[in-house]
Amino acid sequence: MKKNIFAILASGSLLSITPAFATTQAEDIAALKAYFAERWPNVKDGDMSNGAYSLSEDKRINWESMRDFPPYEDHLAIGEEIWNTSFKNGNTWASCFGDDPSKIRNRFPHWNARDKKVETLEGNIIQCQKANGEEPFKAKKGKIAYFSAWLASQANGQTINVVVPQDDPDAVAAYEAGRQFFYAKRGQLNLSCADCHVYQSGYYARGNLLSPVRGHTTHFPVWRGKWARSGGDGFGTLHRRYGGCNSQVRAKSFKAHGKEYSNLEYFHASMSNGMTINAPDYRE
Amino acid sequence: MKFQSKSSVVALAVIAAISTVNVPLASADEALIAKGKEVSFDRKKGNCLTCHQIPGGTLTGNIGPPLIAMKARYPDKAQLRADIWDMTKRSPDTMMPPFGKYGVLTESEIDAVTEYIHSL
Amino acid sequence: MKQLLSTVLVALLAVGMISSALADEAAYKKLHAEAVVANDKAKEAGGEWRDARDKKSKFIECGDKKMSILHAAECYAAKGDYKNAMKYAEMAKSQGELGYQQAIQQKNAGPRH
């Protein structure tokens, strides 16, 4: 009898430490694909990397006419120049990332088992500069975005496959932290990333058609009309977008390339697994 | 006699004053509704048009239901106010910000918005 | 005699005003400290709000500048306007408390599709 009680107590305590959503990365992706397929049976999964433009013919026509003369070509050229410029100490970017610029974008984000953290492309660009005694780029826009966008453009057509090693509990925990961040309501307006980009995707907030999360990270850094209009150019990194979103719901944004956003990117990019890179791209 | 007439004048004046109060009361409602509309349309306040269609509003979203026939949908105005104040109470997953609970609007702004929305 | 009386009165009044100003300042400082604690707690939970005390916030006007709620409280306190200083310190405290509660409530957030 006593033993039984202990067994019950033990199983109870086990239940309480089991995460609320004990699903794996593969299960999460499958569930999300099924959810969108049910909502939009006529939209091809692969087309979702074109964001909201996969959901509205009107929006698509405007977008396609914008892409006839991409506003970001000159900035991509700056990105290529950066790749070809050596550091003052004589080292090149290849010393951090390898020789082939087409084999860089798609290695990120990834789990660094030694340092127990998620590494992102932009975070490692800054790390590489620091390691070589260079003044690091600003974290969210400008040169870091041009460079990252050029690297992404070299990887166009490759299939995204973010790996979460299931046998490494720290990696799984980082992925789950990113998932919790994505689904948690935050800020004074009490909205989660998922509120707009899962449940209400396809609906309009004012004139903005909300895009589905699947396909989000295929085309970053993006050139946003909104950013271009706010002064400077339109290029921004994924973490710039995170900060903007958080601020819009009146939550304090987190540091670009810090733990919170890197974990978020780990989950967020995972949700585009199986899709092809098509960067950079124009967005409203 | 003189006294009496004086007091009846006072009484009349009081009655007049009370009855004129009724007139500004009606326009006070209108003023409240006008204030409510202003707060509802203000992007930094209610910003209702982001999600709701409202007659007279342009570039409206469609995340929430159009705000029409509100008296039929909310026979009890207090329920409408309670939903504006904190919709998460009835529907935890709602997109609608808890305008009162989280202090997005002040209590008097919520009174005005309730009055305006209920008039639609 | 009359002069003495009025001097005493003026002095009493002045003392009264100074002591009530001191009381205002003390009450404000207490509330300000509580606001800081509340927002530290929200930060710890990952639930801070945009306008409570972030230097980048441009939410409340004080003088000809826009700033966070807690910075506005400090700005008004520096001007001796304790009525507004208290109001904004209270608001910043409330945002810290609400942000913390929200973060705790959302701790196990996940997909519901």
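User: How do I read the packing of helix H3 and helix H4 of chain B?

Analyst: Two packed helices are described by the angle between their axes and the distance between the axes. Here, in a predicted model, H3 (residues 77–85) and H4 (residues 107–118) of chain B have axes that come within 10 Å and cross at roughly 125°. Axes are lines fitted to C-alpha atoms, for helices over the stretch in contact, and angles run from 0 to 180 degrees between N-to-C directions. Helices (H or I, at least four residues) and strands (E, at least two) are DSSP runs, numbered from the N terminus. H3(B) and H4(B) are therefore oblique to each other. Angles under 35 degrees count as roughly parallel, over 145 as roughly antiparallel, 65 to 115 as roughly perpendicular and the rest as oblique.

User: Which residues of H3(B) and H4(B) make the contact?

Analyst: Contact requires C-beta atoms, placed from the backbone, within 7 Å. H3(B) supplies B:Lys77, B:Leu80, B:Arg81, B:Ile84 and B:Trp85. H4(B) supplies B:Ile110, B:Val113, B:Thr114, B:Ile117 and B:His118.

User: What is the strand order in the open sheet of chain A?

Analyst: Strands pair if DSSP finds at least two bridges between them. The 3 strands of chain A run S6-S5-S7, with mixed pairing. Strands S6 (235–236) and S7 (281–283) are the edges. S5 (residues 222–224) pairs with S6(A) in the antiparallel sense over 2 bridges. A:Val222 has A:Gly236 as its bridge partner in S6(A).

User: How are residues numbered, and what pLDDT do local features need?

Analyst: Residues are numbered from 1 along each chain as its sequence is written, with chains lettered from A and ligands numbered from 1 in the order in which they are written. In this predicted model, local features need pLDDT of at least 70, side-chain atom pairs count only at pLDDT 80 or more, and totals for chains, interfaces and linings use all residues.

How values were computed. Contact = placed C-beta atoms within 7 Å.
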